[in-house]
Structure formats: structure tokens, C-alpha cells
Amino acid sequence: MEFENKVAVITGASSGIGKAIATTLSENECTVILASRSIEKLKNIQAKLPHESMAVEMDVSDSQSVSQGFKKIKDKYSRIDILVNAAGVMPLSYMKNRHLEEWLQTIDVNVKGVLRCIYEVLPEMKRQKSGHIVNITSVDGKELYQGGAVYGASKAGLIALSRAMRMELSPEFNIRVASIEPGTVATNLRNDITDKELLEDKDYGGDEAKLQPEDIAQAVLYVLNQPDTVNVNELLIKPTGKA
């Protein structure tokens with residue numbers, strides 16, 4: 001795929017996987033819109049990007065914030081070619097310990113946040129009769145474990161959503177949809193965990209094999225680089241040393 005003149009919106013772009021994806025796409029001459037709650041972090045990242053870019057403050061858990069953010073994008077650019085839904089939270093907890101607000105936040109960001117962004121890009125992609133939506137899901141949507149019930153449910157929901165979107169949007173509008181499912185990645189997502197019992201039970205230190213955010217960015221680049229006749233449906237990625 002030639003990325004010159006392509007416009008990509010990346011949510012969660014202020015750190016981790018989203019930041020790595022934005023950097024990689026910019027290095028490949030894509031016009032990148034960095035979206036996140038932290039506008040100052042976005043501006044610092046933007047200053048180092050080699051290609052045209054835009055920083056937009058956006059809280060994907062807030063419908064008005066998403067709508068306002070995409071209005072700014074659409075006012076500046078006449079098209080949106082790529083949407084990468086990379087914003088996410090991971091406050092793992094045991095169900096028995098009843099972390100209701102964290103459960104609801106997980107669904108609001110990881111599922112509803114994706115839906116809000118898809119809602120905003122569909123008019124442009126339908127009009128263009130082209131587009132690529134990449135949902136950063138997780139292996140946890142397929143391999144469940146104690147403590148990961150709500151997070152796993154949110155990612156399983158995105159995997160199912162991606163499949164159904166392909167059924168509806170690809171034949172009529174030529175919109176491709178991919179689900180990228182990483183294993184453990186070296187990010188700060190686990191900093192969201194407040195369940196003390198779970199933290200005591202889990203060993204998140206030591207020599208655990210981890211992917212780097214740049215590995216996921218390369219996976220996104222691979223998916224986007226396919227010819228128009230190819231839709232990579234799902235891409236499951238684990239660090240070497242984990243089955």
C-alpha cells in the first residue's frame with residue numbers, strides 16, 4: 001500500500017502500542033492523527049514525527065469528546081482512510097472482589113470507545129468506498145483466566161464485532177476490518193490494576209517474555225500493506241517463549 005496521501009486516525013496514541021503505531025505509520029509517509037486524552041503528550045510525540053500529523057484531544061469513553069475530536073479531523077482533512085482503535089484499559093480484578101466501576105470503565109473504553117470511533121469514520125469510508133479499520137484486541141479475548149473475566153469479555157467482544165463488521169461492510173463498501181490479538185506487551189497497562197489480592201497472586205515481574213509495542217506496530221503495517229483484494233481478518237501474536 002502506498003501511504004502517501006493516506007490519512008490514519010490512531011486512538012490511544014499518547015503511549016505504548018498507539019504511540020508505536022503512529023510513529024511507524026508516519027515513518028511510512030502516512031498522515032497521522034494522534035488521538036488521546038493527553039494533548040501535551042501527543043504534541044511532544046507529534047514534534048518528533050517525520051511526516052504530516054495532527055494531535056487531537058479525545059476521550060473515547062465520552063461520546064461528545066469523540067464527536068468533537070472527529071469534527072476537528074474532518075474540518076482539516078477530506079478523507080479518513082485508516083482507523084486504528086488502540087485505546088484501552090486493563091484493570092484486571094477477581095469477580096468476587098466486586099470492582100464495579102473498573103468493570104464498567106473497561107467496557108466503556110474497550111468496547112464503547114471503539115464503537116464511538118467506528119460511528120464517526122463510517123460516513124467517510126462509505127462515501128469513499130474504501131477504508132481499513134484495525135481493532136487492537138488481545139489474546140485474552142480467546143484465552144480466559146481468573147482475574148481477566150471483564151477484560152477478556154471486552155476483547156472477545158471486539159473480535160466478534162470485527163468479524164460481523166467484515167460481513168456487513170466489506171462486500172458493499174470495500175471496508176476492510178482486522179483484529180490484531182497480541183499476547184503480553186511491555187506497556188503500562190498493568191498499572192491500572194488495583195485488586196490487591198490479584199496482585200499478590202500474580203507474578204508480573206521477573207523474566208516474563210513480552211512483546212514490544214513496536215512489534216504490534218509492525219503487525220499493523222503488515223495488515224495495512226496488503227493489496228486491496230486481501231483482508232487479514234485476525235492476527236494472533238505472542239512473544240517467543242509463550243505458547
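The second largest pocket in this predicted model has a volume of about 180 Å³. Ten residues form its lining, and those nearest its centre are Lys 6, Ser 130, Gly 131, Arg 176 and Asp 228. By class, the lining of this pocket consists of four charged, four polar and two nonpolar residues.

How many cavities of 30 Å³ or more does the structure hold? There are two.

The largest cavity has a volume of about 50 Å³. Its lining is made up of Pro 91, Leu 92, Ser 93, Met 95, Trp 103, Thr 106, Gly 147, Ala 149, Val 150 and Tyr 151. Two elements each give two or more residues to that lining, namely helix H4, spanning 100-128, and helix H5, spanning 149-173. Of the elements, H5 gives the most, with three residues. In terms of class, seven of the lining residues are nonpolar and three are polar, and no charged residue is present.

The second largest cavity holds about 30 Å³ of space. Around this cavity lie Thr 11, Val 60, Asn 85, Ala 86, Ala 87, Val 109, Gly 113, Val 114 and Cys 117. Here the largest share of the lining comes from H4, which provides four residues. The lining of the second largest cavity comprises six nonpolar and three polar residues, again without a charged one.

The axes of H4 and H5 come within 9 Å and cross at roughly 15°. An angle under 35 degrees counts as roughly parallel, and H4 is therefore roughly parallel to H5. The crossing of H4 past H5 is right-handed. On the H4 side, the contact is formed by Trp 103, Thr 106, Ile 107, Asn 110, Val 111, Val 114, Leu 115, Ile 118, Leu 122, Met 125 and Lys 126. On the H5 side, the partners are Val 150, Tyr 151, Ser 154, Lys 155, Leu 158, Leu 161, Met 165, Leu 169 and Phe 173. The contact of H4 with H5 has 15 nonpolar residues, together with three polar and two charged ones. Trp 103, Thr 106, Val 150 and Tyr 151 take part in this contact, and these four residues are also among those that line the largest cavity. Val 114 of H4 likewise meets H5 and is one of the residues lining the second largest cavity.

H4 also packs against helix H3, residues 63-76, at an angle of about 30°, with the two axes 9 Å apart. H3 and H4 are therefore roughly parallel to each other. How is the crossing of H3 and H4 handed, left or right? It is right-handed. From H3, the residues in contact are Ser 63, Val 66, Ser 67, Phe 70 and Lys 74, and they meet Arg 116, Cys 117, Glu 120, Val 121 and Glu 124 in H4. By class, the contact of H3 with H4 has four nonpolar, four charged and two polar residues. Cys 117 belongs to this contact and also lines the second largest cavity.

The last pair is helix H1, residues 16-27, with helix H7, residues 213-224. These pack at an angle of about 50°, and their axes are 8 Å apart. Why are H1 and H7 described as oblique to each other? Roughly parallel requires an angle under 35 degrees and roughly perpendicular one of 65 to 115; at about 50°, H1 and H7 are therefore oblique. H1 passes H7 in a right-handed crossing. Gly 16, Ile 17, Ala 20, Ile 21, Thr 24 and Leu 25 represent H1 in the contact, while H7 contributes Pro 213, Glu 214, Ile 216, Ala 217, Gln 218, Val 220, Leu 221 and Leu 224.

Technical notes:
Residues are numbered from 1 along each chain as its sequence is written. This is a predicted model: local features need pLDDT of at least 70, side-chain atom pairs count only at pLDDT 80 or more; totals for chains, interfaces and linings use all residues. Side-chain values use heavy atoms; hydrogens and water are left out. On a 1 Å grid over the protein atoms alone, a cavity is a set of points where a 1.4 Å probe fits but cannot get out, and a pocket is an open set with protein on both sides within 12 Å along at least five of seven lines; lining residues have an atom within 4 Å of a point. Grid points are joined across faces, edges and corners, and a volume is the space filled by probe spheres set on the points. Ala, Val, Leu, Ile, Met, Phe, Trp, Tyr, Cys and Pro count as nonpolar, Asp, Glu, Lys and Arg as charged, and the others, Gly among them, as polar. Axes are lines fitted to C-alpha atoms, for helices over the stretch in contact, and angles run from 0 to 180 degrees between N-to-C directions. Angles under 35 degrees count as roughly parallel, over 145 as roughly antiparallel, 65 to 115 as roughly perpendicular and the rest as oblique. A crossing is left-handed if the near helix is turned anticlockwise from the far one by less than a right angle, and right-handed if clockwise. Contact means heavy atoms within 4.5 Å.
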